Amino acid sequence: MVNVLIVEDDCEQARILERMVGEHPESATFALSHVESAAQLRKRMARGSSDAMPNIVFMDICLDDEDGVELVRELFPESSSTQVIYATGYIENCTRVYQSSHIYFLVKPIEQAELFDAIDKALRNLEAALSHPLAVSVGGNIIRILPERVDYVESDRRKIRIHGADGVVETYGSLARMSELLPASFMQCHKSFLVNMDNVSELRADEVVLLSGACVPVSQKRRRYVKEELLSHLRAGL
């Protein structure tokens, strides 16, 4: 699934945008959500879990509690894989947005064709970014890892263990950051695990079984989410 987040303090404008995004041909693959303020966005980002990290953000520039451009500079710098699309009623902001990393500038009232073009560009960028191998730092060396050869990723405090066809690679980092770098086929099934849905052979009550025979735990609070994500992923591949 592609996490699409609307940051908009005007609830009516947010509903309009939600409806328009929902009409995109790929909308069945979107997990769409909305926050009304910078404070709510920071709270969501602070959760750190992979399913909280947005892939595409529609950012209002003039929020009640903060400037949207400054918010993007803080939370979605150039190193972030999040695709930022500005949506504003103030055309005079068209130059200032270049102080931050973004891919599109939409002026309200938004035209459906322009919205679809912005989404299509974001999806192309995400696909291109996730098709590249991972460059992982291990003991001062850089190791190249192909995502399709990864079965699951395990977090142990500040350490990350990448399990796959090429063995286990251990590095430092966060599970949320790994989720940003990996394709949409990776799902967080537990606070400490990401699993590659392409390599799942069976879903049990408290674990997923991989084609390799490895078992990855599923937390109780994520059981329904895991089932829905896995079914959606399998249907998309039919």
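I looked up Cys94 first. Cys94 is partly exposed, with a relative accessible area of 33%. My scale calls a residue buried under 20%, exposed over 50% and partly exposed in between, with a 1.4 Å probe and protein chains only. The model is predicted: local features need pLDDT of at least 70, side-chain atom pairs count only at pLDDT 80 or more, and totals for chains, interfaces and linings use all residues. Numbering runs from 1 along each chain as its sequence is written, and side-chain values use heavy atoms, without hydrogens and water.

Next I checked for disulfides (pairs of cysteine sulfur atoms within 2.5 Å). The structure has 0 of them. Cys94 is in none, and its nearest cysteine sulfur, that of Cys62, is 13 Å away. I then looked at Cys62. Cys62 is partly exposed, at 38% relative accessible area.

I turned to surface charge. Glu26, Glu111, Glu114, Asp117 and Asp120 form a patch of negative charge on the surface. Such a patch takes residues with over 30% relative accessible area and no salt bridge, like charges being joined within 9 Å. A salt bridge here is a side-chain nitrogen of Lys or Arg within 4 Å of a carboxyl oxygen of Asp or Glu. I picked out Glu114. Glu114 sits in helix α4, residues 112-130; a helix is a DSSP run of H or I with at least four residues, a strand a run of E with at least two. Glu114 is partly exposed, at 38% relative accessibility.

Last, I looked up Pro109. Pro109 lies in the loop between β5 (104-107) and α4. Pro109 is exposed, with a relative accessible area of 74%. I also noted 40 Å between the C-alpha atoms of Pro109 and Leu134, which are 25 residues apart along the chain.

Definitions and conventions
Patch = residues over 30% accessible without salt bridge, like charges linked within 9 Å, V, L, I, M, F, W, Y side chains within 5 Å. Areas by Shrake-Rupley, 256 points an atom, 1.4 Å probe, with all protein chains shown as cover. Lys, Arg positive; Asp, Glu negative; His and termini not counted. Charge placed at Lys NZ, Arg CZ, Asp CG, Glu CD.
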